[in-house]
Amino acid sequence: MNLKTLALAFAVLAPVAAGATTTDDIRSIQSEAAKESGRQAYTIGHGTKFKPTDHVFVKSALAIDFTFRKASVTLPLYRGIGPSGEPTFFIITESSDFDVARSMGINYAPKLAKGAQSDGAMQVTIVKGVVHLPGDVDFSPVYAVAPGAGDKPFPPSFATPGALGDANYSSLAVLPSGVVLNIQVVANASGQHDRAVAVDLKKRTITMSLLDGMHDGKQWFYHMVTDVSAAVPSVLEKGVYAPRLEKLPTFGSSTPEDNSALLGFSPVLNGPRDANSNQSQGFEMSLANGGVDPINVFPVGPQNDDRSASNNYSPMWDAHVSQWTAAAIRDGKVRRIVSFADLKELIGAGLVESAFINPPGSGNAFVGGLRPTRAIVNCPVIAQPELASR
């Protein structure tokens, strides 16, 4: 059954009564999803069995393939109703509530709650277990990107997002109970996400490509880009251009104490370009090699067993793009940056600085004083397996 046929198969139901509790919200969503998919909803200890060395954070994942440069994750797919009254399909990867995250087998991201009352959030309703979204995504645009001319692959000569969120769409979704879920629309009657490898509407599953990254000196920090707040970064990361996300608090604020739903990370602009070496990194490298993973640098992973106020994980990554200085390039010092500690040492040594694309403003001490690029990338962390570096 295709998406347009399925769109005609469901009628819009009357809204649920106000005053729903967290338990009501989540149980109704899981119950309806199980009924429609024919698959038991995730329960603790009864999901897919992954190896301990795979270090899978999103326990509700149905399958993960760690093949080099072909990595992917298969996740449950939920049916919602978009503003047109037609079905729109989404995934759920994070919750602001610890118990909800644990019961659903998704990441715990308490910082998301700090965006719930902002203009960057999307307030949703639930009707008999079906989430009604006031915003949706147009997947019909044709994704297109080409590197810059000559020896300057960045900025790209042209970059066209392959999907566009409307003015009301945000993946930071607030339920009637007040719980925030990371609800990312990935398919509807207009098409499917550019990172979708396979979609099975009958079984309610979607397989999405994963991106590699660096964290704590180790590679294979696998994350999944879904939405991006700015146009050109949405093309570089191959995500939905979702401009409403830009209204989330607060660029350049990354600590647990900050009033921010965001967490700073650092893509590299001009790292080593040889994609076949274990030093490759950066936007220039990615553009020059057909869009291979840029190997961004991340500070922390999901801390799904930590209820404390110090839990700093968020899937809403606040980009602080770095670049190697002219002196570092001249002296042959350019290499792969492998951790936040490494990044800060290189900044302190005058070898790495804020990228020229970062607008003027204050630096963020959390990211070594780099200035924020003012681009949010919604990229939930899925796993960090123990594999040899490449």
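How many bridges join strand S13 (residues 172-174) to S14? The answer is 3, and the two strands run antiparallel; strands here are DSSP runs (E, at least two residues), numbered from the N terminus, and two of them pair if DSSP finds at least two bridges between them. This is a predicted model, in which local features need pLDDT of at least 70 and side-chain atom pairs count only at pLDDT 80 or more, while totals for chains, interfaces and linings use all residues. Residues are numbered from 1 along each chain as its sequence is written, and side-chain values use heavy atoms, with hydrogens and water left out.

S13 and S14 form a hairpin with 5 residues between them, and Gly178 in the turn has a positive phi of about 100°. Within this pairing, Ala173 has Leu181 in S14 as its bridge partner. On strand S14 (residues 180-188), 9 of its 9 residues are buried, where buried means under 20% relative accessible area, exposed over 50% and partly exposed in between (1.4 Å probe, protein chains only). Strand S4 (residues 87-95) also pairs with S14 in the antiparallel sense, over 6 bridges, and Asn188 in S14 is the bridge partner of Thr88. Asn188 also has Gly191 in S15 as a bridge partner.

Elsewhere, the whole structure holds 13 aromatic pairs, meaning rings of Phe, Tyr and Trp (its six-membered ring) with centres within 6.5 Å, counted as stacked if the planes are under 30 degrees apart, edge-to-face if over 60 and tilted for the rest. The rings of Phe298 and Trp317 have centres 4.9 Å apart and planes at 80°, so this pair is edge-to-face.

How values were computed
Helix = DSSP H or I, 4+ residues; strand = E, 2+ residues; numbered from the N terminus.
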